[in-house]
Amino acid sequence: MASSSSPIATLVAPPSFTGVSKFASGLQQVLSRTVSIASLPLQSLEAGLTDLNDRQSALQGLDTTFLSLQLSLNSLQSALSSSVLSSSVS
C-alpha cells in the first residue's frame, strides 16, 4: 500500500487558511467596541472645544458692542464739552 505523498510532507505542510475564521466577526465586534470606547474622551474634548469657540464668538460680539458704545460716549462727551451745556449723572 504505497501512497503518492510521503507521510512527512503531510505532517510538515501547513494547513490551508482562507483568511476567514469562525472568530473573525466576534473579534471585529470587540475591536469596534474598543475603538468606540477609546474615542469617547476625544468626543468629549471636541464638544468642549465647540462650546469654548461659541463662547469666544459671543465675547467678541460683546467686545464689538462695547467698543461702539465707548465711541458713542466719547462723541457725546466731546459734543457736551465743546458747547455751553453741561451734564451730570447722579
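User: Patches are made of residues with over 30% relative accessible area and no salt bridge, like charges being joined within 9 Å and nonpolar side chains (Val, Leu, Ile, Met, Phe, Trp, Tyr) within 5 Å. Which residues make the nonpolar surface patch of about 610 Å²?

Analyst: This is a predicted model, where local features need pLDDT of at least 70, side-chain atom pairs count only at pLDDT 80 or more, and totals for chains, interfaces and linings use all residues. Residues are numbered from 1 along each chain as its sequence is written, and side-chain values use heavy atoms, with hydrogens and water left out. The patch covers about 610 Å² (Shrake-Rupley method, 1.4 Å probe). Its members are L59, L62, F66, L69, L73 and L76.

User: Is L76 buried, partly exposed or exposed?

Analyst: L76 sits in helix α3. Buried means under 20% relative accessible area and exposed over 50%, with a 1.4 Å probe and protein chains only. Because L76 has a relative accessible area of 47%, it is partly exposed.

User: Which helix has the highest mean pLDDT?

Analyst: The elements run α-α-α from the N terminus, giving three helices and zero strands (DSSP runs of H or I, at least four residues, and of E, at least two). The protein averages a pLDDT, a per-residue confidence from 0 to 100, of 81. Helix α1 (residues 7-12) has the lowest mean, 54, and the highest, 92, belongs to helix α3 (residues 40-82).

User: Which residue forms a salt bridge with R55?

Analyst: Side chains of opposite charge can pair when their charged atoms come close. The structure holds one salt bridge (Lys or Arg side-chain nitrogen within 4 Å of an Asp or Glu carboxyl oxygen). Its closest N and O atoms are 3.4 Å apart.

User: What percentage of the residues count as buried?

Analyst: R55 counts as exposed because its relative accessibility is 52%, while D51, at 36%, is partly exposed. The protein exposes about 8500 Å², of which carbon and sulfur atoms supply 65%. Of its 90 residues, the share that counts as buried is 0%.

Key:
pLDDT is the predictor's confidence in each residue, from 0 to 100.
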